[in-house]
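Let's take a walk around this structure together. Have a look at it first, and then we'll stop at a few places.

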Amino acid sequence: WGFDPESNWTFDTNLVSADTGDLQQLLGTSYPAHGILTGQFHGKGTRANPEYSGLFDLTNVTAGTWHFDRARGQVTMRGGEFRIANAEVRLPAHSPAEPAGLVTGNFLFNTGTRQVAFDLAGAGIPLESIDRIQTARFPVGGRLNLQLRGQGDLRSPELHATLRVVDMKLGNDVVGSFEGTADSDGHH
């Protein structure tokens, strides 16, 4: 028996409430991201040219210092390209009375060239939930809305963003709202 590069194969699998830590252990990987995965995944092609696709729904997600209530979308891996389409990430609300933040968009990564392309929109993202901008002495609050698109090398993509912060809070004081744009050539 042999599994040559031109050998054909297919698979279909359904996961229901699978712990991603268990899946990583099974696959021999270890990423600082964990959650509960439900999804339908399909694979086909040859050993030399595999294709994977699926719909996924992750809940209770942690990735480094970030926490998401839910992340879902459509994933495709084919010909060295990894694509997430129609992604939706729900961020936790700072308090039960506030709505959760939402980020939607598309992401493409080419594993061979390490090139990335993305187009994201965020609405009502609670600044209180972004640990990297918080200090005990000077907490930052408010709601962030953004449009972010970029492309280029994974470590230094060209970026274009429009930002709007509503009811920005510094400490206990609401200082107002502001809008701005940010552009980067990948280095500046």
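In which strand does Arg 143 lie? Arg 143 sits in strand β8, residues 140–153; a strand here is a DSSP run of E with at least two residues, numbered from the N terminus. This is a predicted model, where local features need pLDDT of at least 70, side-chain atom pairs count only at pLDDT 80 or more, and totals for chains, interfaces and linings use all residues. Residues are numbered from 1 along each chain as its sequence is written, and side-chain values use heavy atoms, with hydrogens and water left out.

Buried means under 20% relative accessible area, exposed over 50%, and partly exposed in between (1.4 Å probe, protein chains only).

| Residue | Relative accessible area | Class |
|---|---|---|
| Arg 143 | 16% | buried |
| Pro 5 | 36% | partly exposed |

A polar atom of the Arg 143 side chain lies 2.3 Å from the backbone oxygen of Gly 124. Setting aside neighbours within four places in sequence, Arg 143 has contacts (heavy atoms within 4.5 Å) that include Glu 98, Pro 126 and Arg 164.

Pro 5 belongs to the segment before β1 (8–19). Beyond its neighbours within four places in sequence, Pro 5 touches Thr 46, Arg 47 and Ala 48. Its C-alpha atom is 35 Å from that of Ser 156, 151 residues apart along the chain.

Key:
Helix = DSSP H or I, 4+ residues; strand = E, 2+ residues; numbered from the N terminus. Polar contact = N/O pair within 3.5 Å; in protein donor to acceptor, adjacent residues only side chain to side chain.
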